[in-house]
Amino acid sequence: MDDNVLSWFGQASVVVSVLAVCWTMIWQNLQHIHLQQFFARNFNRRARRLAAVVDPYLSVTFEEYEGGRIKSSEAFDEVKSYLTTATGTAGVRHLRAECGGSSRRDASAADKDKLVLSMAKGEEVADVFEGATVWWSAAAVAPRQDAVPWSRAARAERRFFRLDFHEKDRDLVLGEYLTHVRRKGREVMAKNRQRRLYTNISREGYDDGFYRDVWTHVPFDHPKTFDKLAMDPAKKKDIIADLDMFRNGKEYHERVGKPWKRGYLLHGPPGTGKSTMVAAMANYLKYDVYDFELTSVKTNTELRKLLIETKSKSIMVFEDIDCSLDLTTSKRKTAKEEEADREKDDDPLRPDKKAAATKQSSVTLSGLLNFIDGLWSACGEERLIVFTTNHVGKLDPALIRTGRMDKKIEMSYCDFESFKFLARMHLGDDVVEAHRDRCDRVRALLEDEEVNMAPVDVGEHLTPKSPDELEDFGPCLDRLVDALEKAKEEATRSPGPQQVDEQGIVKEDDKE
């Protein structure tokens, strides 16, 4: 009897040991499964199925910004434009009005008074597409409560549009309807497009990642065109042909693997028409203009944010690039100097640290080069990058090499061909023939190497100053001749010949 009991206990202990080992293995695997998450996941699945029976409607949200709020959403703008049509405003009780009329001088009164209407926040509108009914609603997320009360983030709303539709129409809405909405929205945007002149605002526009106010704009309505630009006709024709090649060069840039952009360097003395050349280019191509104020850009990161927020079919202008940043050949710092400046900026005891941080820009040459010719330069297409400078010799060669500044245009002093163009534009087509003696004198003076006068100054002298000069253009030409002769006398009385070094700095010869 005792032997049987002992044998039974021995067998039982073996079974218990085996069960313990098996349970240990099972328990370890159950821990990896995370039972709480397992049951929660399966419960949520069944809850969603039950909710679909009660509410069989789906939704798609179009937020104002994408990519972590680093870029405006094109889809949001297209939906917004689509909802400005009669379909998007029918039955809406509260509308939002925006100026959509043209500001051009040749626009009709009806075009100037035109308003673009869209539904206000909290409104909903129904739309029908191929028998399916969908509903659009406009909403916004309330401003952040944890933001600094006076910051832009504290008062900025994150707007979005929401599209609701029945589950049975899922394939139709996601496949065909949204494509229809985006295509129609782009057509409306093109129809209501108003060309703009943008400029970047100061650092305060970057508070807490809210980039809505990175750029501010006004309507672009500059009257200068190539027909009104005083320049050698052959050079003007060459520039226009180059612009045509760029505008029609999408397939070429795709074939060779280059971003669809082109760099222009406009250099020459003050008053020779560099800024008006930019306006003529913008009017010819019908592009927007982005005027970069680099002195208000604090870091390379902020410069990239500005680039991302620019749109296609635009001209990015950096005026007086040699004065905007420390990018000249004579001012480049060594690595030790840059390290010393960083240590100085990091000194907490430095009394003017805060003032220096707000006044100085840390945008570097490498940051600017990456902006115009690096990886970030491909963020967008069909854009011109234009640098203007009075002293091309002061710029770093790396900044203006081919591939970054593809076409270099010298804006020179007024010559006789430019004078004839200005005279006809200001005084009439027959002024040169009617006042041949005065014009011959102007020609002799303009061809004198000692006389340099910018086209803007020539145009100012030719502008009639009284009603009498509108009848007789002789005084206008006499005024120009007097100014040219005075310029020649001043050049003759100069104490010594002036020379310009390779950096564009005027120097005088030493005399004993």
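The structure is a predicted model, in which local features need pLDDT of at least 70 and side-chain atom pairs count only at pLDDT 80 or more, while totals for chains, interfaces and linings use all residues. Residues are numbered from 1 along each chain as its sequence is written, and side-chain values use heavy atoms, with hydrogens and water left out.

The chain contains 22 helices and 17 strands; these are DSSP runs numbered from the N terminus, with at least four residues for helices (H or I) and at least two for strands (E). Of its 512 residues, 37% are buried. Here buried means under 20% relative accessible area, exposed means over 50%, and partly exposed lies in between (1.4 Å probe, protein chains only). Among the contacts (heavy atoms within 4.5 Å) with a separation of 6 or more, 70% come from residues 24 or more positions apart. The chain exposes about 30700 Å², with carbon and sulfur atoms supplying 52% of this area; accessible areas come from the Shrake-Rupley method with a 1.4 Å probe, and for residues only the protein chains shown count as cover.

Two strands are taken to pair if DSSP finds at least two bridges between them. Within this pairing, Tyr264 has Val386 as its bridge partner in strand 14. Strand 11 also runs parallel to strand 15 (residues 407–410), joined by 4 bridges, and there His267 is partnered by Glu410.

What about charged side chains? Side chains of opposite charge can pair when their charged atoms come close. With a salt bridge defined as a side-chain nitrogen of Lys or Arg within 4 Å of a carboxyl oxygen of Asp or Glu, the count comes to 18. One of these joins Asp373 to Lys261, with the closest N and O atoms 3.8 Å apart. This pair links distant parts of the chain, since Asp373 belongs to helix 15 and Lys261 to strand 11, 112 residues apart. Lys261 is buried, at 11% relative accessible area, whereas Asp373 is partly exposed, at 29%. Both residues belong to a network of salt bridges that also includes Arg401 and Arg404.

Another salt bridge connects Asp448 and Lys488 (3.1 Å, N to O). Asp448 lies in the loop between helix 19 (436–446) and helix 20 (455–462), and Lys488 is in helix 22 (residues 474–492), 40 residues away in the chain. Lys488 is partly exposed, with a relative accessible area of 29%. The side chains of Arg443 and Glu447 also meet in a salt bridge, at 3.1 Å from N to O; Arg443 is partly exposed at 39%, and Glu447 is exposed at 53%.

Finally, a search of the whole structure for disulfides, meaning pairs of cysteine sulfur atoms within 2.5 Å, finds 0. Cys439 is buried at 1% relative accessibility, as is Cys476 at 0%.
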